[in-house]
Amino acid sequence: MTPQARAQAAIEILDAVIAAARSRGAPADRLFTDWFRTRRFAGSSDRRAVRELVYAAIRTCGEVPATGRAALLALAGEDPALAALFDGSRHAPAAIAPGEPVAVRAVAPAWLVEALTASGLGAAEQLALLGRAPLDIRLNPLKAALADLPEPGAPTVAPLGRRFPPGTPVEQWEAYRAGAIEVQDAGSQLVCTAVAAQPGERVVDLCAGAGGKTLALAAAMDNRGSLLACDADRARLSRLPPRAERAGVTIAETRLLDGGREAAALTDWQDRADAVLVDAPCSGTGTWRRNPEARWRLDPRELERLTALQARLLDVAAALVRPGGRLVHVVCSLLDAEGADQAERFLARHPDWRAVPLTLGAGRARGAGVRLTPGHDGTDGFFVARLERLC
């Protein structure tokens with residue numbers, strides 16, 4: 001592909017990403033893959049170049065752009081070499097017309113910038129949300145030693161974490177195939193330590209998804225005790241058993257829940273859990289480095305729906321915790337509505353609970369918990385609070 005053809009390809013993919021953002025359709029990665037699946041003439045260097053253009057444009061535009069062309073023009077406004085590719089030649093974008101629409105450069109839609117600012121994130125911290133994320137792995141103490149890695153990597157803020165450049169092919173390593181390592185952001189690893197899961201305990205991962213945090217909890221428990229991994233998404237939860245087998249985890253039981261009726265499926269655990277982790281569905285504002293188009297999919301109504309869901313799941317989880325036990329509230333969001341404010345609302349509803357101070361070795365105090373940010377900690381963004389049921 002010529003450089004001009006790569007620019008035109010980026011515009012077409014951006015058009016698909018914009019349409020999907022408006023309709024909550026497929027994610028950008030899938031749309032990118034689908035576009036190239038039908039264009040076998042494109043080589044790996046073409047795909048890399050187009051991908052870089054697409055994601056650079058997504059990161060550049062705060063509001064949902066009118067078109068993919070407007071998005072790429074916003075990027076071209078700061079890049080004369082890219083602007084020169086709009087020359088109207090064969091397979092190239094049409095020449096730039098005077099006064100044609102150009103997307104607005106910003107960190108996020110205006111309402112989200114306002115919400116992030118109100119949540120204590122300054123301009124530099126907000127900009128850091130759009131950097132490129134590194135690749136972090138977690139050593140699995142059930143199987144791993146640092147010597148098992150073909151490359152040592154760099155230490156992270158998480159005790160068992162190692163960091164590598166983006167694109168490092170860790171899934172091709174024997175250590176990965178043997179279950180000695182898992183791909184997991186250092187922040188995600190660190191919030192698991194807030195659970196303080198111990199060998200022999202009874203622990204519930206209420207929103208387990210594909211089980212990344214479940215496996216970290218099992219390792220902390222030295223594969224001893226009872227660990228229940230729940231989710232309402234059958235497809236995601238089905239990925240956990242093969243991952244657990246590879247990691248040498250035998251204590252994790254999976255349970256598919258019916259969304260909205262979770263409590264009815266968990267009566268056998270009522271007042272029995274030593275700890276419950278609630279990594280609830282959230283806005284994902286802390287993961288924009290990996291999914292920058294998520295800024296275009298969020299609106300105030302969706303945020304309101306998510307905060308209501310989080311509150312309901314926290315109440316479900318509270319009923320599972322024994323007196324003296326603990327509940328850990330985690331969101332990969334930097335908005336107080338989902339983090340510090342959500343924890344405070346829980347404590348107001350449940351006077352027989354208290355917040356327990358956390359020392360994670362990273363992050364900064366925020367309300368009843370701790371917040372990790374890409375700008376301050378070099379991790380994905382998280383809020384975590386440990387809440388304890390009084391005896």
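Is Arg326 buried or exposed? With a relative accessibility of 12%, Arg326 falls under the 20% limit and therefore counts as buried. This briefing concerns a predicted model. The model holds 29 salt bridges, and its largest nonpolar core has 65 residues.

**Salt bridge of Glu201 and Arg326**

- Glu201 and Arg326 join their side chains in a salt bridge, with an N to O distance of 2.6 Å.
- Glu201 sits in the loop between α9 (186–193) and β5 (202–205), while Arg326 belongs to strand β9 (residues 321–331), so this pair ties together parts that are 125 residues apart in sequence.
- Glu201 has a relative accessibility of 13% and therefore counts as buried, the limit being under 20%.

**Salt bridge of Asp279 and Lys213**

- A salt bridge also connects the side chains of Asp279 and Lys213, at 2.9 Å from N to O.
- Distant parts of the chain are linked here, since Asp279 is in strand β8 (residues 273–279) and Lys213 is in helix α10 (residues 212–220), 66 residues apart.
- Both Asp279 and Lys213 are buried.

- Arg366 has a relative accessible area of 24% and is partly exposed, whereas Asp336, at 11% relative accessibility, counts as buried.

**Nonpolar cores**

- Within the largest nonpolar core, of 65 residues, the most contacts belong to Val204, Leu206, Val276, Val278, Leu327 and Val384.
- The element that gives the most to this core is helix α14 (residues 300–318), with six residues.
- Leaving aside residues up to four places away in sequence, Val204 touches Leu228, Cys230, Trp269, Ala273, Ala275, Val276, Leu277 and Leu320.
- Another core, of 35 residues, lies apart from the largest one and includes Leu14, Ala71, Leu73 and Leu75.
- In soluble globular proteins, nonpolar side chains tend to be buried together.

**Packing of helices α1 and α3**

- Helix α1 (residues 3–23) packs with helix α3 (residues 44–60) at an angle of about 50°, and their axes are 9 Å apart.
- That angle makes α1 oblique to α3.
- The two helices, α1 and α3, have a right-handed crossing.
- On the α1 side, the residues that meet α3 are Arg6, Ala7, Ala9, Ala10, Ile13, Leu14 and Val17.
- On the α3 side, the residues that meet α1 are Ser45, Asp46, Ala49, Val50, Leu53, Val54, Ala57 and Ile58.

- Ala355 is part of strand β10 (residues 353–356).
- The relative accessible area of Ala355 is 26%, so this residue is partly exposed.
- Residues up to four places away in sequence aside, Ala355 touches Leu347, Ala368, Arg386 and Leu387.
- Ala355 and Val316 are separated by 39 residues in sequence and by 18 Å in space, C-alpha to C-alpha.

Notes
Residues are numbered from 1 along each chain as its sequence is written. This is a predicted model: local features need pLDDT of at least 70, side-chain atom pairs count only at pLDDT 80 or more; totals for chains, interfaces and linings use all residues. Side-chain values use heavy atoms; hydrogens and water are left out. A salt bridge is a side-chain nitrogen of Lys or Arg within 4 Å of a carboxyl oxygen of Asp or Glu. Helices (H or I, at least four residues) and strands (E, at least two) are DSSP runs, numbered from the N terminus. Buried means under 20% relative accessible area, exposed over 50%, partly exposed in between (1.4 Å probe, protein chains only). A nonpolar core is a set of buried Ala, Val, Leu, Ile, Met, Phe, Trp, Tyr and Cys residues joined through side-chain atoms within 4.5 Å. Contact means heavy atoms within 4.5 Å. Axes are lines fitted to C-alpha atoms, for helices over the stretch in contact, and angles run from 0 to 180 degrees between N-to-C directions. Angles under 35 degrees count as roughly parallel, over 145 as roughly antiparallel, 65 to 115 as roughly perpendicular and the rest as oblique. A crossing is left-handed if the near helix is turned anticlockwise from the far one by less than a right angle, and right-handed if clockwise.
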